[in-house]
Amino acid sequence: MGSVLSLYTTNTAYVILFFSLAEWVCAGALAVGAAAVGYLAYRSLSCKDKCCKSMVNQDIQKDNPKVVHAFDIEDLGDKAVYCRCWRSKKFPFCDGAHTKHNEETGDNVGPLIVKKKES
Ligand code: FES
């Protein structure tokens, strides 16, 4: 049974009833193919840029697979201020760069402050 699409172009619901199984399969395959191509195009165009922007660490020790700093508590002194925005030029210590980062991005990050209790 063939399509009578040209006879019923004013009533879409009525025309759909006259599509043959082969035409439905063809239309479905075409829709799936178009969706796959669209998804792949979206990923290739937007994911690379999005992935780079979503990285927390933009430029600190990028040749290192994992950036880790460790300090002995006894060596901290009375107060230590650590960067959590990853924009500090003195990383892992805060140099105030979070203020510019927050202004540019609308973010709200700030440092981690470790200090001894005042007694
Ligand atoms: S510079 Fe990163 S938290 Fe202050």
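I started with a definition: helices (H or I, at least four residues) and strands (E, at least two) are DSSP runs, numbered from the N terminus.

**Entry 1: ground rules**

I am working with a predicted model, in which local features need pLDDT of at least 70 and side-chain atom pairs count only at pLDDT 80 or more, while totals for chains, interfaces and linings use all residues. I number residues from 1 along each chain as its sequence is written, and side-chain values use heavy atoms, with hydrogens and water left out.

**Entry 2: the overall layout**

I looked up the secondary structure and found three helices and two strands. Reading along the sequence, I get the pattern α-α-β-α-β.

Next I checked burial, where buried means under 20% relative accessible area, exposed over 50%, and partly exposed in between (1.4 Å probe, protein chains only). Of the 119 residues, 15% count as buried.

I then looked at contacts (heavy atoms within 4.5 Å). Among those with a separation of 6 or more, 36% come from residues 24 or more positions apart.

For the surface I used accessible areas from the Shrake-Rupley method with a 1.4 Å probe; for residues, only the protein chains shown count as cover. The protein exposes about 9,800 Å², and carbon and sulfur atoms supply 61% of that.

How many salt bridges does the structure hold? I found one, taking a salt bridge as a side-chain nitrogen of Lys or Arg within 4 Å of a carboxyl oxygen of Asp or Glu. The partners are Lys 100 and Glu 104, whose closest N and O atoms are 3.7 Å apart. Both residues sit in helix H3 (residues 97–105), four residues apart, which is about one turn of the helix. Side chains of opposite charge can pair when their charged atoms come close.

Lys 100 counts as exposed because its relative accessible area is 55%. Glu 104 is exposed too, with 58%.

I stayed in helix H3 for His 98. Is His 98 buried or exposed? His 98 has a relative accessible area of 15%, so I noted it as buried. Leaving aside neighbours within four places in sequence, His 98 is in contact with Cys 85, Val 109, Gly 110 and Pro 111.

Cys 85 is itself buried, at 5% relative accessible area. Cys 83 is also buried, at 10%. With cysteines in mind, I searched the whole structure for disulfides and found zero, a disulfide being a pair of cysteine sulfur atoms within 2.5 Å.

**Entry 3: the strand pair**

S1 and strand S2 (residues 112–115) pair in the antiparallel sense over four bridges. Here two strands pair if DSSP finds at least two bridges between them. I followed one of the bridges: Lys 79 has Lys 115 as its partner in S2.

Along S1 (residues 79–82) I could see the side chains alternate.

**Entry 4: the loop between S1 and H3**

Phe 93 belongs to the loop between S1 and H3. Phe 93 counts as partly exposed because its relative accessibility is 36%. Not counting residues up to four places away in sequence, Phe 93 touches Phe 71, Val 81, Tyr 82, Cys 83 and Ser 88. I also checked Phe 93 against Ile 113: they are 20 residues apart in sequence and 9.8 Å apart in space, C-alpha to C-alpha.

Pro 92 lies in this loop between S1 and H3. A cis peptide bond joins Phe 91 and Pro 92, with omega at about 15°.

Trp 86 is in the loop between S1 and H3 as well, and its phi is near 65°, a positive value in a residue other than glycine. I jotted down the background: most residues other than glycine have a negative phi, and most peptide bonds are trans.

**Entry 5: Gln 61**

I found another positive phi at Gln 61, near 45°, again in a residue other than glycine. Gln 61 is in the loop between H2 and S1. I listed Gln 61 as partly exposed because its relative accessibility is 35%.

**Entry 6: a nonpolar patch**

Which residues make the nonpolar surface patch of about 350 Å²? They are Leu 21, Trp 24 and Val 25. Patches are made of residues with over 30% relative accessible area and no salt bridge: like charges are joined within 9 Å, nonpolar side chains (Val, Leu, Ile, Met, Phe, Trp, Tyr) within 5 Å. Leu 21 lies in helix H2 (residues 21–54), and its relative accessibility of 68% is why I call Leu 21 exposed.
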